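Here is a short tour of one structure. It takes a few residues in turn, then the helices and the core around them.

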Amino acid sequence: GYELLFSQTFTCFCILVIAFGLGCFLDAIFFLGSFIAIRIRSGGYHARTFARCFISSVGISLLAIGAEKAVCLAPSVWLIVLLLLLANGVFFFKGPFLSTRHLLPARKVQENRKKLWATVCVENVVCVLFSILEQWNIAYIISFGEVAAAILLVLAGYMKSYSLKGKEETL
């Protein structure tokens with residue numbers, strides 16, 4: 001419990017310090033808010049060690065912030081809509097991720113699915129509002145937070161099916 005809390009806090013702190021140094025502190029705040037809010041509900045890939053988790057979390061965050069800076073050079077509401085549609089499709093068809101190691105009762109899975117969709121809907125509305133206000137950097141970073149969470153959800157499913165194939169071959 002405490003180890004997980006410490007590692008997540010330390011990782012977020014490091015991301016914010018790096019973003020502050022790059023002049024992207026606000027972008028990092030919005031990315032982490034979007035990403036973490038969905039990730040809590042959707043589940044997805046989890047690294048096996050703290051070092052891997054730390055490196056992948058910092059890497060994903062910096063990649064999203066860099067991508068946001070690049071696409072803001074020529075903002076398009078259609079790109080935001082496309083990103084949100086792709087991420088929402090993943091959440092609708094794949095979310096939340098059902099771990100074989102930590103089985104949940106059907107009632108809890110249904111509850112998590114509802115909370116995931118509520119979170120996604122709120123983020124979509126916020127993203128659209130920032131687009132209307134032409135605050136492209138915030139709209140893009142929120143959409144990249146959703147896309148990053150969706151990618152980890154798909155990756156978890158891929159890793160799960162890959163590990164199950166390996167078990168079948170050894171039987």
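Thr11 is buried, with a relative accessible area of 6%. Under 20% counts as buried. This is a predicted model. Thr11 sits in helix α1. Beyond residues up to four places away in sequence, Thr11 touches Phe50, Phe54 and Ser57.

**How α1 packs**

Two packed helices are described by the angle between their axes and the distance between the axes. Helix α1 covers residues 2-22, and helix α2 covers residues 25-42. Helix α3 covers residues 50-71. The table sets out the two pairings of α1.

| Helix pair | Axes come within | Crossing angle | Hand of crossing |
|---|---|---|---|
| α1 and α2 | 8 Å | roughly 150° | right-handed |
| α1 and α3 | 10 Å | roughly 35° | right-handed |

How do α1 and α2 run relative to each other? An angle over 145 degrees counts as roughly antiparallel. The axes of α1 and α2 cross at roughly 150°. The two helices are therefore roughly antiparallel to each other.

Which residues make the contact between α1 and α2? From α1 come Cys12, Ile15, Leu16, Ala19 and Phe20. From α2 come Phe25, Ala28, Ile29, Leu32 and Ile36. By class, this contact of α1 with α2 has 10 nonpolar residues, with no polar and no charged ones.

**The core**

The largest nonpolar core holds 34 residues. Phe31, Ile80 and Phe91 have the most contacts inside this core. Two or more residues each come from α1, α2, α3, α4 (77-94), α5 (106-132) and α6 (136-170). The most come from α6, which gives 13 residues.

What does Phe31 touch, leaving aside its neighbours within four places in sequence? Its contacts are Ile60, Ser61, Ala64, Ile141, Phe144, Gly145 and Ala148.

**A buried serine**

Ser42 is placed in helix α2. Ser42 counts as buried, at 1% relative accessibility. Leaving aside neighbours within four places in sequence, Ser42 is in contact with Phe91, Pro96, Phe97, Leu116 and Leu153. Phe91 has already been named among the core residues with the most contacts. Ser42 and Gln110 lie 68 residues apart in sequence. In space, C-alpha to C-alpha, Ser42 and Gln110 are 12 Å apart.

**Two loops**

Pro96, one of the contacts of Ser42, lies in the loop between α4 and α5. A cis peptide bond joins Gly95 and Pro96. Omega there is about -15°.

Glu134 is found in the loop between α5 and α6. Is Glu134 buried or exposed? Glu134 is exposed, with a relative accessible area of 56%. Exposed means over 50%. Phi of Glu134 is near 60°. That is a positive value in a residue other than glycine.

Notes: Residues numbered from 1 in each chain as written. Predicted model: local features only at pLDDT ≥ 70, side-chain atom pairs only at ≥ 80, totals over all residues. Heavy atoms only, no water. Axes fitted to C-alpha atoms, helices over the stretch in contact; angles between N-to-C directions. Helix = DSSP H or I, 4+ residues; strand = E, 2+ residues; numbered from the N terminus. Parallel < 35°, antiparallel > 145°, perpendicular 65-115°, else oblique. Left-handed = near helix turned anticlockwise from the far one by under 90°. Contact = heavy atoms within 4.5 Å. Nonpolar A, V, L, I, M, F, W, Y, C, P; charged D, E, K, R; others polar. Buried < 20%, exposed > 50% of the residue type's maximum accessible area, 1.4 Å probe, protein only. Core = buried A, V, L, I, M, F, W, Y, C linked by side-chain atoms within 4.5 Å.
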